[in-house]
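Hi,

Here is the structure I promised to pass on to you. Have a look at it first, and then read my notes below.

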Amino acid sequence: MKTKISASILSADFGHLADELSRAESAGCDMIHFDVMDGHFVPNISYGVPVLKSIRRYSRLPFDVHLMISDPNSYIEPFAKAGADGITFHLEASANPVGIIDKIHSLGLRAGVSVKPKTDVSLLYPLVGIMDMALIMTVEPGFGGQGFIPETLAKIKALRDYADSTGIALDIEVDGGISDKTAHSVREAGANVLVSGSYLFRAEDMAKNCKLLKD
């Protein structure tokens with residue numbers, strides 16, 4: 001599967017977000033990753049619907065919204081109206097993941113489901129064929145700039161093997177510690193959507209680093 005790069009604006013210069021979005025698009029990134037944290041599900045607070053709405057007009061790239069919040073169901077429609085193209089929520093934050101996936105689909109958006117590093121990846125198996133994308137966190141969610149957790153590679157491979165066994169071409173996204181030093185390993189394990197923040201936005205040559213993630 002073709003490798004896609006999702007640039008996480010959590011690491012962008014918030015004083016020049018429109019310019020940062022343009023830089024990511026020009027560098028060859030395929031989508032924009034929009035991390036939403038509520039200070040409850042994860043120990044940090046980021047940004048929300050008003051920010052997404054205000055920057056939507058500055059990029060033609062798909063907006064990949066990652067809800068790291070305790071009540072994802074209540075925010076599906078507001079983010080959809082603000083301009084999200086896809087919404088990913090955490091399995092750990094939902095008692096009815098199928099219902100949330102259906103709600104996301106009803107609004108014409110791609111639906112993703114994420115799991116933390118310590119969550120058993122087999123819990124995602126029943127959702128293969130329903131969700132459009134699975135997000136395997138390769139760091140503990142909540143903060144940018146963390147080190148990659150090598151043990152998550154086995155989870156990526158297990159999910160890819162399971163999806164392949166069903167004949168479903170599932171997008172598997174990874175988020176956390178993704179750089180040229182880890183990209184090859186996660187791609188080899190089966191990931192095809194790579195989220196990267198500081199490695200891209202703090203690079204002198206973002207296009208070069210984007211290409212290294214794909215190569």
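How many of the residues of β4 are buried? Please keep in mind that this is a predicted model. In β4, 5 of the 5 residues are buried, so the rest of the structure largely encloses this strand. You can check that from both sides: Gly-86, Thr-88 and His-90 are buried on one face, and Ile-87 and Phe-89 are buried on the other.

Now for the setting of that strand. The structure holds a closed barrel of 8 strands in the order β1-β2-β3-β4-β5-β6-β7-β8, and the pairing is parallel. From one strand to the next, the twist averages 25°. As a reminder from class, strands of a sheet pair through backbone hydrogen bonds, either parallel or antiparallel.

Strand β1, residues 4–8, pairs with strand β2, residues 31–37, in the parallel sense over 3 bridges. Look for Ser-8 there, which stands opposite His-33 in β2. Between β3 and β4, which also run parallel, there are 4 bridges. Asp-64 has Gly-86 in β4 as its bridge partner.

Those last two residues turn up again in the second largest pocket. Its space comes to about 170 Å³. The lining consists of 15 residues, and Met-31, Asp-64, Gly-86, Arg-110 and Met-133 are the ones nearest the pocket's centre. The elements giving two or more residues to this lining are β3 (63–68), β4 (86–90) and β5 (110–115). By type, the lining residues of the second largest pocket divide into 6 nonpolar, 3 polar and 6 charged.

Finally, a word on the cysteines. A disulfide is a covalent bond between the sulfur atoms of two cysteines. How many disulfides does a search of the whole structure find? The search finds 0. Cys-29 is in no disulfide, and the nearest cysteine sulfur, that of Cys-210, is 4.1 Å away.

Enjoy exploring, and write back with any questions.

Best wishes

Methods. Residues numbered from 1 in each chain as written. Predicted model: local features only at pLDDT ≥ 70, side-chain atom pairs only at ≥ 80, totals over all residues. Heavy atoms only, no water. Disulfide = S-S within 2.5 Å. 1 Å grid on protein atoms, 1.4 Å probe; cavity = no way out; pocket = protein on both sides within 12 Å on 5 of 7 lines; lining within 4 Å. Points joined across faces, edges and corners; volume = space filled by probe spheres on them. Nonpolar A, V, L, I, M, F, W, Y, C, P; charged D, E, K, R; others polar. Pairing = 2+ DSSP bridges. Axes fitted to C-alpha atoms, helices over the stretch in contact; angles between N-to-C directions. Buried < 20%, exposed > 50% of the residue type's maximum accessible area, 1.4 Å probe, protein only.
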